[in-house]
Amino acid sequence: MDDPGKIAEHTLDSEELANLIRAAVAHGNTICFNAPGRSMAPFIHSEDIIFVSPVAKGTIRTGDVLAFVHPETGRVLAHRVVRIADGRFFSKGDNVTAEGDGWISYEDVLGRVDRVQRDAKDHHLGLGPEKFVVALLSRCNILVPLLNFLRGIKWSFKGLFSARG
């Protein structure tokens, strides 16, 4: 027997997801969905629930994570703004060593990610005041090597202490 309290899951393609987000934020609502992929790790993990809210063009800042439709691929992405110029936004995934997504116009922006939930708990790292530093490190292609270095140190310490029993 089906549980009446369970919310049904449904997979959407990018066009359906974009239309759903647009409809929600057009009425001032926040919409949430599971983030696919690892391009924003470690700040947003695959299957984290991200909350996308309406955003006015003039309030977008470097470091914000925007949900947008990529103008070339039509895919819905949620990536960090690493540069702003001439009213356009250059975005990049935090876990991406490539140059980034290119320039995004405000017309492609669906909203701003203002909340992330992981394991039913709010996760704020990368969305607070530190987001500008994260964006700067990402723009300079330093973030991924730095995170990999820190992960290596973490695993070295774990191995050191676990080996002692």
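Which backbone nitrogen does the side chain of Asp48 reach? The side chain of Asp48 reaches that of His45, at 2.8 Å. Asp48 lies in the loop between strand E1 (31–34) and strand E2 (49–53), strands being DSSP runs of at least two residues and helices (H or I) of at least four. Asp48 is buried, with a relative accessible area of 3%; buried means under 20% and exposed over 50%, with a 1.4 Å probe and protein chains only.

This is a predicted model, in which local features need pLDDT of at least 70 and side-chain atom pairs count only at pLDDT 80 or more, while totals for chains, interfaces and linings use all residues. Residues are numbered from 1 along each chain as its sequence is written, and side-chain values use heavy atoms, leaving out hydrogens and water.

| Residue | Contacts |
|---|---|
| Asp48 | Phe33, Asn34, Ala35, Phe43, Val116, Gln117, Arg118 |
| Val113 | Ile44, Ile50, Phe51, Val52, Val65, Ala78, Leu127 |

In helix H1, the residues Leu17, Ala18, Ile21, Ala24 and Val25 are buried. They cover an arc of only 135 degrees around the axis, and therefore lie on the same side of H1; the arc is taken over directions from the helix axis to the C-beta atoms. Glu15 and Ala26, on the other side of H1, are exposed. The cover over the buried residues of H1 includes E1, E2, E3, E4 and E7. Gly28, with a positive phi near 80 degrees, follows H1.

How values were computed
Polar contact = N/O pair within 3.5 Å; in protein donor to acceptor, adjacent residues only side chain to side chain. Contact = heavy atoms within 4.5 Å. Lists of a residue's contacts leave out its neighbours within four places in sequence.
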